[in-house]
Amino acid sequence: GAAPYSMPVPSDGVTINYRHGLPVITLTLPTRSERCWFTVKPMVTTIGAFLQDVQKEDKGIERAEVFTTDGSKVSDATLMEILLMNDFKLVINNTAYSVSPPVKDKLSSEHATEMEDIKSLVHRLFVALHLEDHQIRKERELLQKLDHLKEELLPLEQMKARITHSADAKTSRLLWVGLALMSTQGGALAWLTWWVYSWDIMEPVTYFITYGSAMAFYAYFVLTKQDYVYPDAKDRQLLHYFYRKSKTQHFNVERYNKLKDDLAEAEESLRRLRQPLHLRLPIQEINDKD
């Protein structure tokens, strides 16, 4: 609204001047016979609010209205910014004042640069007073969340380590058993070839063994949609043993994965929050033990 300031001025008319970028309307109060300044914010103050402030300043004002130069009444809901664009008449009681608002010069490039500097300063002050506190609170919340997630994950991590160790041991035994069977097969074929039968008899046997191995590898591809690559086959067997052991140990794999994802997300949020280039302000270090 309007902010009145009373001081004696020898003129009796209504004048408008700009001070610090805001219009100052000066008029004579009829009852008190003194000049009064009203500083208005044109982009938020309406004509009705301005007239109410004038009447509050002088209780002897019974009528306060605004008209255009051709005699049309201006609505009280009109913003002062619109009114100050053209000449108008201000009627107080039975006195009509012709008002000619001064033309506000356009901002020069130097003035515009100064305003940008002021805006930048205000922004930096706001950041220093508000965002840093918010950042510190957010950092503490993330640290508390990390502690809570790690506390929940600790027993699950211990159980997972035991299950992984057991599954890895079973997978290693299976690999050694496979090597032993292949060695036994090779030794048996050599014994049958050189000591029992001749190569002419054993050659069809080795062919069908090779063909049977190719069929086994093709069946593996049909069932798993993957080539039989030894490292991939080992990892697949390890996962098979891991999930089977998890069921017997009542290890909730889905909950474990969800907690790990939440932990990774919280750590990433904390890492980004602690990067000073993101918010362009100094980071206050927070001890996790505080």
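The term stands for a side-chain nitrogen of Lys or Arg within 4 Å of a carboxyl oxygen of Asp or Glu. K73 comes out as partly exposed too, at 45% relative accessibility.

Before going further, a word on the model: it is predicted, so local features need pLDDT of at least 70 and side-chain atom pairs count only at pLDDT 80 or more, while totals for chains, interfaces and linings use all residues. Residues are numbered from 1 along each chain as its sequence is written, and side-chain values use heavy atoms, with hydrogens and water left out.

Let's step back to the whole chain. You'll find 7 helices and 7 strands in it, where helices (H or I, at least four residues) and strands (E, at least two) are DSSP runs numbered from the N terminus. Going along the sequence, the order reads β-β-β-β-α-β-α-β-β-α-α-α-α-α. The chain has 290 residues, and 26% of them count as buried. Its accessible surface is about 20600 Å², with 58% of that belonging to carbon and sulfur atoms; these areas come from the Shrake-Rupley method with a 1.4 Å probe, and for residues only the protein chains shown count as cover. As for contacts (heavy atoms within 4.5 Å), take the ones between residues at least 6 apart in sequence: 60% of these join residues at least 24 apart.

T26 counts as buried because its relative accessible area is 4%. Leaving out residues up to four places away in sequence, T26 touches G13, V14, T15, R35, C36 and W37. With W37 there is also a side-chain to side-chain polar contact at 3.3 Å. That label needs a pair of N or O atoms within 3.5 Å; within protein, one must be able to donate a hydrogen and the other to accept it, and residues adjacent in sequence count only if both atoms are side-chain atoms.

Now over to the helices, and to α3 (residues 109-196) in particular. Helix α3 is the biggest contributor to a nonpolar surface patch, giving 4 residues. The patch covers about 790 Å² and is made by W191, W194, W195, V196, Y197 and I201. Patches are built from residues with over 30% relative accessible area and no salt bridge, joining like charges within 9 Å and nonpolar side chains (Val, Leu, Ile, Met, Phe, Trp, Tyr) within 5 Å. One of the residues in helix α3 is W194, and W194 counts as exposed because its relative accessibility is 66%.

What connects helix α3 to helix α6? The side chains of E152 and R255 meet in a salt bridge at 2.2 Å, N to O. This pair links distant parts of the chain, with E152 in helix α3 and R255 in helix α6, 103 residues apart. E152 is partly exposed at 23%, and R255 is partly exposed at 40%. In general, side chains of opposite charge can pair when their charged atoms come close. The chain's count comes to 7 salt bridges.

At the start of α6, a side-chain oxygen of N252 comes to within 3.2 Å of the backbone nitrogen of E254. The buried residues of the helix are V253, Y256, L259, D262, L263, A266, L270 and L273. D262 makes that list because its relative accessibility is 18%. D262 also forms a salt bridge with K258, the closest N and O atoms being 2.8 Å apart, and both lie in α6, 4 residues apart, about one turn of the helix.

Most residues other than glycine have a negative phi. N93 has a positive phi of about 55° although it is not a glycine, and N93 is in the loop between β6 (88-92) and β7 (95-99). H250, also not a glycine, has a positive phi of about 60° and is found in the loop between α5 (230-249) and α6. H250 is exposed, with a relative accessible area of 71%.

How values were computed: Buried means under 20% relative accessible area, exposed over 50%, partly exposed in between (1.4 Å probe, protein chains only).
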